[in-house]
Amino acid sequence: MPAIRVNSSVADNDGRLASLDVFRGVCALAVFLTHWFLWANFLPQTGFQWLLNDCLKTTYSIFCQLTWNCRGQHPAVIGFFVLSGFCIHASRARRTSSAAVPHEWRHYFLSRSRRILPVYWWGTLLALGFVGLQTTWPVSNPVLSIHAAGDGRDLLLRVFAISALVPGDVILGNWTLITVSTEIAIYALYPLLLLSTRYLGWVAPLAVWIALQVVALFIAPHFSPTWLVNTPLIMGAYWYVGMLAAEWHFRKAKVLPLWVPLLTWVLFLLLREAPDSALRYIILQLVRSLHFATILLWLLGLESTRPSFRASAFVRSLCLTGRISYSLYVVHTPVILATTWALGALTSIHSNAVQLLVTFSATLAVTAVTYRYIERPFLAVKKS
């Protein structure tokens, strides 16, 4: 996910804002840890392992009760899209006019491609490695079997990063890459979004995104719901809310008090209890994205008013996680699956605790390698 850089007294030496990295790090950990727990399906074998499993299950249940909407996307994925819209639009929100200089768009598309595609294709390659292993030497495990599904058509959609645009679930060892495909599509639409706000104002494009969500839910019975809710039809509105947050932050320059994100969170919890309907789904998810936008604005205000914000070890660790968040998001699925396959095919270990430990360690190791040798070199090219 993108990171904005500013000339600010609260930014670190390379211009990154700690508040955005904290938000990014929390979202990345939320996605990884939920998948890490849910896919660790070896049975606990001792009293301690059952206790650990119960603690993780309770934590996951509380997380869902406080943050998740029934039938909705993973809440952290919505947060990522709000953050992405904020960061992409930040440089233009600082300007007095949203008019774009033509030659900037070439740089924009090149920088976005270097930022997203190398790690995306690496995650695709890792996933294909897992699919090859599970297909050639299958291990009897429902999680592995489900995630190894795919064919030649799916491979083409995945390689060309258009799986979010073509109806149907593309799993192929790394289903989470569909959200990256969706973000790539929205990146391509960003110049049009910016142009529409220039001539139509900010309300009209938001109305269009909401209308697209209505269309998506109307046609939902004819398509896979797991595909549809992750397409630009649905996710674009949350990205646009991030753009609106950037406009607020850089034009209004007001510190958002804590009660605002708390209020939007309570509103989300109250609306979630309403009878299920398509309209409720749209409103609830938009309120959820608004909640993430207010959290972003509150964190930015907190960092600007408290110079000690980045001093704590906890914040620094989240900032580090935020730096590697894109690599972690892209590789965690195939690494967890391949590690689980290796435990089942190459060892006699069927311990839930061991599975959790090995998949966690392997994911961190591959994430570090990906960030150091794939993501960072292309970021350096971008800055040169």
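## Salt bridges

Glu303 forms a salt bridge with Arg310, and their closest N and O atoms are 3.1 Å apart. A salt bridge here is a side-chain nitrogen of Lys or Arg within 4 Å of a carboxyl oxygen of Asp or Glu. Glu303 is buried, with a relative accessible area of 3%. Arg310 is partly exposed, at 24%. Buried means under 20% relative accessible area, exposed means over 50%, and partly exposed lies in between (1.4 Å probe, protein chains only).

This is a predicted model: local features need pLDDT of at least 70, side-chain atom pairs count only at pLDDT 80 or more, and totals for chains, interfaces and linings use all residues. Residues are numbered from 1 along each chain as its sequence is written, and side-chain values use heavy atoms, with hydrogens and water left out.

The structure holds seven salt bridges. Side chains of opposite charge can pair when their charged atoms come close. Arg153 is partly exposed, with a relative accessible area of 41%. Asp154 is buried, at 8%.

Asp21 forms a salt bridge with Arg24. Their closest N and O atoms are 2.5 Å apart. Both residues lie in helix H1, residues 18-38. They are three residues apart, about one turn of the helix. Asp21 and Arg24 are both buried. Helices (H or I, at least four residues) and strands (E, at least two) are DSSP runs, numbered from the N terminus.

The rest of H1 fits that setting. Of its 21 residues, 17 are buried, so H1 is largely enclosed by the rest of the structure. Its length also checks out. At 1.5 Å a residue, H1 should span 30 Å, and its end C-alpha atoms are 30 Å apart, which agrees. The expected span of a helix is 1.5 Å times one less than its number of residues.

## Helix H3

Helix H3 covers residues 75-93. Its 19 residues should span 27 Å at 1.5 Å a residue. The end C-alpha atoms are 26 Å apart, which agrees. H3 is mostly covered, with 18 of its 19 residues buried.

Glu104 is found in helix H4. At 17% relative accessibility, Glu104 counts as buried. Leaving aside neighbours within four places in sequence, Glu104 is in contact with Arg92 and Arg95. Contact means heavy atoms within 4.5 Å.

Gly123 also has its place in H4, which runs over residues 102-136. Gly123 counts as buried, because its relative accessibility is 0%. Not counting residues up to four places away in sequence, Gly123 touches Asn174, Leu177, Val330 and Pro334. Gly123 and Leu328 are 205 residues apart in sequence. In space they are 9.8 Å apart, C-alpha to C-alpha.

## Nonpolar surface patch

A nonpolar surface patch of about 710 Å² is made by Trp121, Leu128, Leu155, Leu156, Val159, Phe160, Ile162 and Leu165. Patches are made of residues with over 30% relative accessible area and no salt bridge: like charges are joined within 9 Å, nonpolar side chains (Val, Leu, Ile, Met, Phe, Trp, Tyr) within 5 Å. Accessible areas come from the Shrake-Rupley method with a 1.4 Å probe; for residues, only the protein chains shown count as cover.

H4 and helix H6 (152-159) each supply at least two residues of the patch. The largest share, three residues, comes from H6. Trp121 lies in helix H4. At 43% relative accessibility, Trp121 counts as partly exposed.

## Leu271 in helix H11

Leu271 sits in helix H11, residues 259-272. At 26% relative accessibility, Leu271 counts as partly exposed. Beyond residues up to four places away in sequence, Leu271 touches Arg280, Ile283, Leu284 and Val287. Leu271 and Ile283 are twelve residues apart along the chain, and their C-alpha atoms are separated by 8.3 Å.

## Cysteines

A disulfide is a covalent bond between the sulfur atoms of two cysteines. The rule used here is a pair of cysteine sulfur atoms within 2.5 Å. By this rule the count is zero disulfides. Cys55 is in no disulfide, and the nearest cysteine sulfur, that of Cys64, is 16 Å away. Cys55 counts as partly exposed, at 43% relative accessibility.
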